[in-house]
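I opened the notebook to look up a few things in this structure. Entries follow in the order I checked them.

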Amino acid sequence: MKTTKWFSMMVALVMVLTIAAGCGNNAGGNAGNEPAQTDTPPADGPKELEGKLVVWTFFDQVKEMGAKFEEKHPGVKVEVNIFPGDQYQTKLLSAMQSGNNVPDVFDLERGYIGKFIDANFIADLSAMGIEEQLTDYIPYVRELGRAADGTIRAVSDHSSPGSFWYIRENAKKYLGTDDPDQISEMVGSWDKIIELGKKVYEQSGGKAYLMQNAGDVFDIAAYNTEPWVKDGKLNIDPKWKTYYETQQQIRANNVDAKLGFMSAGWGNALNDGTAVLSAMPAWATFMIDNKDDKAVGKFGVAKSPEGFYTGGTYRGIYEKSPNKELAYEFIKYIASPEWQEYNLGKTGNMPASGKVYQDNMDTFKVNLLGDQNPMKIYYELVNEMPGIAPDKYGEEVLSKWRKVAGQGITDNTSYDDVVASFKKEVKNAFPDIQVD
Amino acid sequence: MNEATREPMRLGPIVAKTVMYLFLILIAITCLVPFYSMFITSTHANSDIARSLLFWPGDQFMENYNRLIETVNIWRGFANTIFITVAFTCLNLYFAALAGYGFSKYNFKYRGGLFLFVLGTMMIPGQLGIIGFYKLMNALNMLNTYWPLILTGIRDAFGIFLMKQIADSSVPNEIIESGRIDGYGELSIFHKLILPLMAPGLATLGIFSFIGKWNDFLTPMIILFDNDLQTLPVMIASVKSQFSSDFGAQYVGIVISVVPILIFFSIMSKRIISGVAAGAVKG
Amino acid sequence: MNSKINKSHYGYFFIAPFFIGFAVFGLIPILYTFYLSLTKWDGFSDPIFIGWDNYARIVQDTFFYQAILNTLIIWIISIVPQLILALVLALILNEKFVRGKHFFRAVYYFPHIITPITLGVMFSLMFDWQTGSVNKLLLEFGWVSEPVNWFNSPWWSRAIVGLVICWQYFGFNLIVFIAGLQSIPSEVYEAAEVDGASKLQTAWWITLPMLRPVFLFTFITSVIGGLQLFDAPLMLGNGPDNATRTMVMYLYETAFKNFDYSYGSAIAYAIFIVVMFFTLITARASRLKD
């Protein structure tokens, strides 16, 4: 009988709660459907912005962006909704298709921007005049927001350059110097790296390696090669063969410590220096243990043979948003040096604007790096990188290549075999791509 | 067989018991250690978490906690999740027991076929259905409400299956008969006589559906829009910077979210036993 | 028994809520998925109707066959120890003299509470071939002479995924078994004790046969759930030569990574057929024991 009582209590509770839910939700519902007040401002005097923007993203720092924009334009309210995880894309797609509860501005990650960029629900920012704002942008950052028709559809507020980080003490021990310029020179090409790597391995008696992982070559090569799909056909840049052989040599000569990017061993090697050089993006410093400032001045940054970047977030406007003008002001704001300068100081994220790079090059410091000004190195590297517009296959094809070729390096497979099984995977996953 | 089984008991029940307890404890350790590590991890900084399994407490708990509450309204999420989970679990238990009992004890036409249909609904992978589900909820105007999260408790094929099997083995037909003789209606028989008998099964299903709902990530993420309406798992996963997750803060969130599960589990786990006492008295 | 006949139509009222709930919330997504499987759709443009082409593609898709095989292998590796362990522990914990029953039962369920993120982080830390604790232990004891590169070997990868799943779910089956054991009236045991049956005899001749409905439940849900393995293998990736890519992972990859929702939908239905097939076999096999 006790159970019955207990159960009927639960049922009663449910009834009450469910009714409460109904009430609560009606009040909270309908996010983002309030049209902005688009009163035309008086002809004279600066236009004061008013209205409400809904921004969708997958990470929480966008709130800060909204807050800064609100601070600048007190009449504006920015509501930031965060949807973490892979399925953010599914949610965005579903919402766009239904046309209800749609955000005015939404974030797209670099990994899948190519799939969204040509969709008809993303507003053409070029037509609204964004190109003017992007004239001093780092080319690769700007071009990643360009659709197939040549118009800009999305804008990023940062670049995410990577290069070689090293522990100064270890560099002295194994390379004979900790000077960034000298080291940059010593590792200026892959051939030099292999030769130097052999020496480091031998001189340390097999205890230290020059690089963390041969796979770093993929990351660096990925954005310095031709697009994977051209005119509907699979296009394997001939440079990949060289890169592949470079990796094989790196592996065969013990140049790398075989530690995967961001793995536990990788993090340990970065901190204790069993590998001299760690190829990593500027944002990966959270892996460095800086408790009680013990890593201050511990590191140096040298140029990698070619520039590379990892990750990036782009922001677009919903084509049918009733607040397009205001949304455009928001995009313009994140493209401005004003915001990017603030963001650099606050989070250390490298800017997208070349001007911000130049203005801070001599002053911006990272305490882990001591006196070195890392922006100089990053600026040179990012400027060299080709601007490539995204397409819907690029990233997925690259990840297949990374998988198959990475496996090939481990098993020491020949390049031709790797290409053959790569083609098989691509053909299966994307029947629309012509594979010969 | 007789010899083999009795010998150790006769020779040394203590040895047999020791072996048994060692076995129990060994397995318990494999389950406890990762769980313990989860708590410990919440007291460390991000740079440590990604590098090794942690077993010694660190001193970063409050820092991690502060970063967590700075970015998300975690206690609001806690309340939301409790509300959704409790409502869902109650609906789920009641209707699963109802249908399970119906399938078990009433010999209606097409019973076998209908039951197979119920099982069949579990066999289609749900990952893609989420798109259709979104469209449907949009059409029914239920987006950004808790209705889709709670009402789906009615149609839980897994629960119905479990309750049917429990009813098959623990509800004697004589009890139903005696209820009918006493002049109870069919539904009051179910409420007054059957539900108490099914208590062990209800507690079991309660554990499953409570924990499952508590940890549900995808549906709330897709259905809800306002940050303040979101559930704990979604809020916890939101604590990330542009490029990487803030594991330290996320682990604090996970610790917060595990506590109610443990409480609910220990209450329900005892019910599995006490239900039997009730059943024994009846029987 | 006799009044059961004229009351049996009441059963429809008892099961009606499920079917109503299903019609409202479940049916349309399933039908929509089926409709998608007959189209070509990348999520952006409007779906184009193409008939059965996607199904024709599946029939020739060797990667899908490999995924079926992977799923079955991982499933068998995980399910056999999982059920045995759960049953043995349930029988032990059902004994009156065992101390700390509540404690053990709770602890055994812990792995099921741990969220996938935690699990992923933990296992990659444990099985990392250079820094992982498992290899360190093996080296310490001298059982291996050099670290094993677990995730470079298809069979180790599958075994580890199977192990993780076994570890994660045995507590789940344990609870079901205990609930089943608890529903056996205690008079049965008392009678057996009076007859002088040993513990093992009681277990074999009395307890296990009475657990049959519960066994049927665990077998069938293990097939239905186990063949839709997703979370645990996903955190460890596709593995070498895709050795740990399960059917649902393949679906997920196709639909949400490659944005081929239509082919993904067809895969969903193909998985449905595979699961149905193995469920029927299991159901048939379990009935044979009657």
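Which exposed residues does the face of H2(A) turned away from its buried side carry? I looked, bearing in mind that this is a predicted model. That face carries Ala67(A) and Glu71(A).

Next I took the buried side. Helix H2 spans residues 62-72 of chain A, and its buried residues are Val62(A), Met65(A) and Phe69(A). They sit on the same side of H2(A) because they cover an arc of only 50° around the axis.

I then asked what these buried residues pack against. I found three strands of chain A: E1 (51-57), E2 (76-82) and E3 (105-109). Helix H13 (324-335) of chain A is also a packing partner.

I moved on to the contact between chains A and C. Chain A gives 17 residues and chain C gives 15. H17(A) has the largest share, with four residues. By type, I noted six nonpolar, seven polar and four charged residues on this side of chain A.

Last, I checked the record for chain C. An unreviewed UniProt entry lists "transmembrane region" for several spans, including residues 12-35 and 261-283. I looked at both in the model. Residues 12-35 of chain C are 100% helix and 0% strand, with the end C-alpha atoms 30 Å apart. Residues 261-283 of chain C are 100% helix and 0% strand, and their end C-alpha atoms lie 32 Å apart.

Terms used
Residues numbered from 1 in each chain as written. Chains lettered and ligands numbered in written order. Predicted model: local features only at pLDDT ≥ 70, side-chain atom pairs only at ≥ 80, totals over all residues. Buried ≥ 20, exposed ≤ 12 C-beta atoms within 10 Å, placed from the backbone. Helix = DSSP H or I, 4+ residues; strand = E, 2+ residues; numbered from the N terminus. Arc of directions from axis to C-beta. Contact = placed C-beta atoms within 7 Å. UniProt positions renumbered as here; feature names shortened; annotations may be inferred. Nonpolar A, V, L, I, M, F, W, Y, C, P; charged D, E, K, R; others polar.
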